[in-house]
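Good morning, and thank you for coming. Please look at the sequence and the structure on the screen while I speak.

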Amino acid sequence: MNIGIVGLGLIGGTYAKSLRKYPYRIIGIDIDQETIDYALKENIVDIATDDPKTVLGTIDVLFLCLYPTDAIAFVRKYATYFKSGMILSDVAGIKRYMVDALDMYHDDNFEIVYSHPIAGSEKIGIKHSNEAIFHNSNFVITPTKYNTEEALMLIETLAKQMGFKNVSQISDVSHDNIIAYTSQLTHAIAISLVNCDDESLDTKLFIGDSYKDLTRIAMINERLWAELMLKNKDFLLRRITMFEDELSILKDALASKNSDKLHQIMADATIKRSKIK
C-alpha cells in the first residue's frame, strides 16, 4: 500500500516515522526543498516531491498534515489528480470547518475520513518529529454519513500502528465542543498566564514544576493556533466564560476569607481530576 503524507512537519514527519516499520511505501509531499532533502537523507520516506501531481495517482491513503485552510486548499487544487478509490484523512484540530468546507466532494471517487491525532509538541518541523509523541496518546475520528466502514477501519488500524493508545469516534460538533475545553482553553490559559507576568522580578529564579507544566504550551505556533481558535470561537468563548466563572468563585472565596469554600473548591477539583486517567 502506498501512503502519502502532505506536509512533512512535526506531525507529518512523525506519521512517516511511525509507519516506516510496516511494509508500506511512504511518499512525502512538501513545498520546502530542505525538508524534502532531510526526509530522504534520514530515510523517513521512500520518495519525496514538491510536485503533488507526479505522485497523487499512485497513492492509496493520503494524510493531509497541513493547517486547516491549507488542507482545504490542497484538496481543491489537486482533487482531480487523486487516485480512484483513495482514502484521504486530515489532522486538523477543528472538524466542523473541515467537514463543511469539503462536503462538496462526497460524490467524488475518493473518500475523506476526518481525524485528529491529539498529540504534538511546542516544537515544529520534521527535525523534531518523534514516534514517542504518539505513544499512549488519543486519536479521534469524526465520521460522516458518507463514510464506509472499511475506510473508517483502515484509518483506525493505521492510527494504532502509529502508536496511538485510544482511537475513538465522535461527531464533528461534539469534537469541537470538547476540544475547545481540553486543548484550546488550556492553551489560552497558558498564554494569558505567561503574558500577565509583569517582569518586575526575574521570574526564572522562582519557577517550579507547576509553572513549567502550566506554561510549556504557551510556546506556541501562533499561525496554527490563531486559526484553530478563530474557526472554533463559538465553543471556545463559551468555555472561556465558564472558566472565568469558576475563577470568580475562587476569587470571591479569597476576598471574603472563606477557607471552607476554598477547601471545597480544591477538594472538588481533586475528585474530578482523579477520575481522569
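What percentage of the 277 residues of the chain count as buried? The figure is 41%. Please keep in mind that this is a predicted model. The chain has 10 helices and eight strands, and its C-alpha trace spans about 70 × 40 × 30 Å along the principal axes. Let us also consider contacts between residues at least 6 apart in sequence: 71% of these join residues at least 24 apart.

I turn now to the sheet. Strands of a sheet pair through backbone hydrogen bonds, and the pairing may be parallel or antiparallel. Here we have an open sheet of eight strands, with mixed pairing, in the order β3-β2-β1-β4-β5-β6-β7-β8. At the edges stand β3, residues 47–49, and β8, residues 166–169; each has a single partner strand, so one side of each is left without a neighbour in the sheet. On average, and with direction ignored, neighbouring strands of this sheet are turned by 20 degrees against each other.

Let us follow one end of that order in detail. Strand β1, residues 2–6, runs parallel to β2, and five bridges join the two. Which residue of β2 does I3 stand opposite? The residue is I26. Strand β2, residues 25–29, is also joined to β3, by three bridges, and this pair runs parallel. In this pairing, G28 has A48 of β3 as its bridge partner. How much of β2 is buried? Four of its five residues are, so β2 is largely enclosed by the rest of the structure.

Next, I would like to discuss helix α2, which comprises residues 33–41. Three of its residues, T35, I36 and A39, are buried. Why do these residues lie on the same side of α2? They cover an arc of only 100 degrees around the axis, and therefore they share one side of the helix. On the other side of α2, E34 and K41 are exposed.

My next topic is a pair of helices. Two packed helices are described by the angle between their axes and by the distance between those axes. The pair consists of α6, residues 172–195, and α9, residues 233–255; their axes come within 8 Å and cross at roughly 55 degrees. That angle makes α6 oblique to α9. The crossing of α6 past α9 is right-handed. Which residues meet where these helices pack? From α6 the list is V173, D176, N177, A180, Y181, Q184, L185 and I189. From α9 it is F235, L236, R239, I240 and F243.

Finally, I ask you to find K77, which lies in helix α3, residues 68–78. Is K77 buried or exposed? Its relative accessible area is 57%, and over 50% counts as exposed, so K77 is exposed. K77 and D103 are 26 residues apart along the chain, and their C-alpha atoms are separated by 15 Å.

Thank you for your attention.

How values were computed. Residues are numbered from 1 along each chain as its sequence is written. This is a predicted model: local features need pLDDT of at least 70, side-chain atom pairs count only at pLDDT 80 or more; totals for chains, interfaces and linings use all residues. Side-chain values use heavy atoms; hydrogens and water are left out. Two strands pair if DSSP finds at least two bridges between them. Axes are lines fitted to C-alpha atoms, for helices over the stretch in contact, and angles run from 0 to 180 degrees between N-to-C directions. Buried means under 20% relative accessible area, exposed over 50%, partly exposed in between (1.4 Å probe, protein chains only). The arc is that of the directions from the helix axis to the C-beta atoms. Angles under 35 degrees count as roughly parallel, over 145 as roughly antiparallel, 65 to 115 as roughly perpendicular and the rest as oblique. A crossing is left-handed if the near helix is turned anticlockwise from the far one by less than a right angle, and right-handed if clockwise. Contact means heavy atoms within 4.5 Å.
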